[in-house]
Amino acid sequence: MNIYLQGLTMGLAYVAPIGLQNLFVINSALTQRRSRVYLTALIVIFWDISLGVACFLGAGALMQAVPWLQKVILGIGSLIVLWIGIGLLRSKASLEGGKDVNIPVWKLFTSAFVVTWMNPQAIIDGTMMLGAFRATLPEGGDLSFIFGFASASVLWFTGISTIISFVGSKFNEKVLHIINKVCGAVIIFYGCKLLWSFVKLMGWL
């Protein structure tokens, strides 16, 4: 359960900061009927989880093939996680930049793929972040962690779709700013935890 909760909280902190995926869902919730809103959320969830699993398993395969890479990924990954967290604390949230969601379903599916998988920074950050976490998990903990991470995606995108479809115009950049700050603090906490794991793995303490 502890590993599942780690995956859940890390997943929420990773997915909640306002990026293209979130703007895609938010714009849908602000402008579309509720059935379309949830369809959009489910499509984004599908691509988000697929990317997370790919990053998690891909980093794991690399570490199994090249054992010393575990230390490299854990060390660099912890610094990247800290950098992401600090960046969120310093960032200015904006509702600008969302994709047009008033499109056919097939185009909605492909557009959601683009905003998720065609973001090189998301792939790099996801691989390093999830790879760093995988390096700290006990044997047999992979499934619980990724299930927690996937649960976070489902909870976040369905939750934000529901809330925004009800509150509408009350959802503004001030709210996004608060979300980013909370997520930044959580990510920094996990970054420090990963860095501590790296220090112990290297035998420096």
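**Reading a salt bridge and a surface patch**

Visitor: What is the relative accessible area of Asp 142?

Guide: Asp 142 has a relative accessible area of 25% and is partly exposed, where buried means under 20%, exposed means over 50% and partly exposed lies in between, with a 1.4 Å probe and protein chains only. This is a predicted model, in which local features need pLDDT of at least 70 and side-chain atom pairs count only at pLDDT 80 or more, while totals for chains, interfaces and linings use all residues. Residues are numbered from 1 along each chain as its sequence is written, and side-chain values use heavy atoms, with hydrogens and water left out.

Visitor: Which side chain does Asp 142 meet in a salt bridge?

Guide: Side chains of opposite charge can pair when their charged atoms come close. A salt bridge here is a side-chain nitrogen of Lys or Arg within 4 Å of a carboxyl oxygen of Asp or Glu. Arg 134 is the partner of Asp 142, at 2.6 Å from N to O, and Arg 134 counts as buried at 16% relative accessibility. By this rule the count is 1 salt bridge.

Visitor: Which residues make the nonpolar surface patch?

Guide: Patches take residues with over 30% relative accessible area and no salt bridge, joining like charges within 9 Å and nonpolar side chains (Val, Leu, Ile, Met, Phe, Trp, Tyr) within 5 Å. Trp 68, Val 72 and Ile 76 make one of about 300 Å², the accessible area coming from the Shrake-Rupley method with a 1.4 Å probe. Ile 76 is partly exposed at 41% relative accessibility.
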